[in-house]
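Here is a short briefing for a reader new to this structure. Begin with the strands, then turn to the cores.

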Amino acid sequence: MGISRIPVRIIVEGIGESRGILVRILSPRTVDAISRLLPIEGRAAVWRNGVYFEVPLRMGVEKPKERVKKGDIAYWPLGSAFCIFFGDMRPHSPVNLMGYVEENIYVFSEVKSGAKIRVEKRG
């Protein structure tokens, strides 16, 4: 995999876990900063087809996307949040695309606000 692709496990308390890949080329500065913070966790908020939680990172926009697809993983600069999208949508404001969910996307459609989410590197 190397440092250009970082495999992650995303655990949603009481629901299950998913696997994803952070892809450096999509937003190199953002992916580097997030990967240095791992493991991270927070309380979920749900908005339309997305689940997000605040992270201790302040980054500006980097290759911003105004539309996302089902399975996209992104950082939302305006809300300093890690986002997982379980459906195609237009976020509240542009996001920095960081990767994608490769397994168990259904987990996120079951998330309720307040659920604990943890993102960690996997070997």
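**Strand pairing and nonpolar cores**

β7 and β8 pair in the antiparallel sense, with four bridges between them. The model is predicted.

**The hairpin and its neighbour**

- β7 and β8 form a hairpin, and four residues lie between the two strands.
- In that turn, Ser80 has a positive phi of about 45 degrees.
- Ile73 has Ile84 in β8 as its bridge partner.
- β7 also joins β9 through four bridges, and these two strands run antiparallel.
- Across that pairing, Ala74 stands opposite Leu97 in β9.

**How β7 is covered**

- β7 is mostly covered, with five of its five residues buried.
- Asp72, Ala74 and Trp76 point one way from the strand.
- Ile73 and Tyr75 point the other way, and they too are buried.

**The largest core**

- The largest nonpolar core has 30 residues.
- Leu22, Ile34, Phe82 and Phe108 have the most contacts inside this core.
- Elements giving two or more residues to this core include β1 (5-12), α1 (28-37), β7 (72-76), β8 (81-85) and α2 (106-109).
- β1 gives the most, with four residues.
- In soluble globular proteins, nonpolar side chains tend to be buried together.

**Around Phe108**

- Which residues does Phe108 touch, not counting those up to four places away in sequence?
- Phe108 touches Ile10, Val12, Ser18, Val51, Ile84, Phe86 and Val101.

**A second core**

- A separate core has eight residues.
- Among them are Val68, Ala81, Cys83 and Met89.

Definitions and conventions. Residues are numbered from 1 along each chain as its sequence is written. This is a predicted model: local features need pLDDT of at least 70, side-chain atom pairs count only at pLDDT 80 or more; totals for chains, interfaces and linings use all residues. Side-chain values use heavy atoms; hydrogens and water are left out. A nonpolar core is a set of buried Ala, Val, Leu, Ile, Met, Phe, Trp, Tyr and Cys residues joined through side-chain atoms within 4.5 Å. Buried means under 20% relative accessible area, exposed over 50%, partly exposed in between (1.4 Å probe, protein chains only). Contact means heavy atoms within 4.5 Å. Two strands pair if DSSP finds at least two bridges between them.
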